[in-house]
Amino acid sequence: MSLSVVQGFSKSLAMTVLSEIGDKTFFAAAILAMRHPRRYVLAGCLSALIVMTVLSAAVGWAAPNLISRTLTKHIATILFLGFGFWSLWDAFHEGDSEELAEVEAELDADLQDNGKPKANGKDDDDTKKKNRPIFSQFFSPIFLKAFTITFFGEWGDKSQIATIGLAAAENPLGVVLGGILGQALCQTAAVFGGKSLAKQISEKFIALSGGVLFIVFGIQSYFSTVDS
């Protein structure tokens, strides 16, 4: 394995773990795992994050082919430094948020909307199954629920944009492999640790650590641009 792959892998792994621990999708996975079979929740959440990681890395890989590599690195530097100072601001000014409670309230509201009893009984259930979207006929509804909640919760998130920037500056294969391993570790911890683990996480500490890491990446990206 080449040095560039290892460097992209290690940076992506560290960034993913610090970005996803205590993130909204982390809490969603923990809460869903308390209400549904863990294997379906883990499969759905992890599949969504793998797809998102691959798509983000592909965008980052394509960026230097569309604009100059020097400009791409400058953009990546600005993104890393911006996210770093943003995370530090959150850590020192917002403290520990109530994101766990907010995610749980959102899922409770969704459960109430989808769990209302139907009047037509079994015949209505059979008709409903036949009229399901094509994906629901081949995949567990719980898998699809976990997938969609995670995918759309991650879309446009800070970690997704950071993955694009990292893939533009580092080896995309290493970024994908590190990102997938990081996502697997975080989602497994969320699913099997459950709400009790989620409550133990200090969002302030995670934001502080992530902010420092992003700033370090930004400085490295800046000096690599200067050297080139």
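Me: Is F147 buried, partly exposed or exposed?
Reply: Happy to take that one, keeping in mind that the model is predicted. F147 has a relative accessible area of 24%. Buried would need a value under 20% and exposed one over 50%, so F147 counts as partly exposed.

Me: And F151, is that residue buried or exposed?
Reply: The relative accessible area of F151 is 14%. The cut-off for buried is under 20%, so F151 is buried.

Me: How are the rings of F147 and F151 arranged, stacked or edge-to-face?
Reply: Their centres lie 5.9 Å apart, and the planes meet at 5°. Planes under 30 degrees apart count as stacked. The pair F147 and F151 is therefore stacked.

Me: About how many helical turns separate F147 and F151?
Reply: Both residues belong to helix α8 (residues 141-154). They are four residues apart there, so the separation is about one helical turn.

Me: How many aromatic pairs are there in total?
Reply: Ring centres must lie within 6.5 Å to pair. With that rule, the count is nine.

Me: Which parts does the pair of F80 and F214 tie together?
Reply: This pair is stacked, at 6.5 Å centre to centre with 20° between the planes. F80 lies in residues 69-93 and F214 in residues 203-227, so the pair joins parts that are 134 residues apart in sequence. Those parts are helix α4 and helix α11.

Me: Which residues form a cluster through ring pairs?
Reply: F80 and F214, both buried, belong to this cluster.

How values were computed:
Residues numbered from 1 in each chain as written. Predicted model: local features only at pLDDT ≥ 70, side-chain atom pairs only at ≥ 80, totals over all residues. Heavy atoms only, no water. Phe/Tyr/Trp six-rings, centres within 6.5 Å; stacked < 30°, edge-to-face > 60°. Helix = DSSP H or I, 4+ residues; strand = E, 2+ residues; numbered from the N terminus. Buried < 20%, exposed > 50% of the residue type's maximum accessible area, 1.4 Å probe, protein only.
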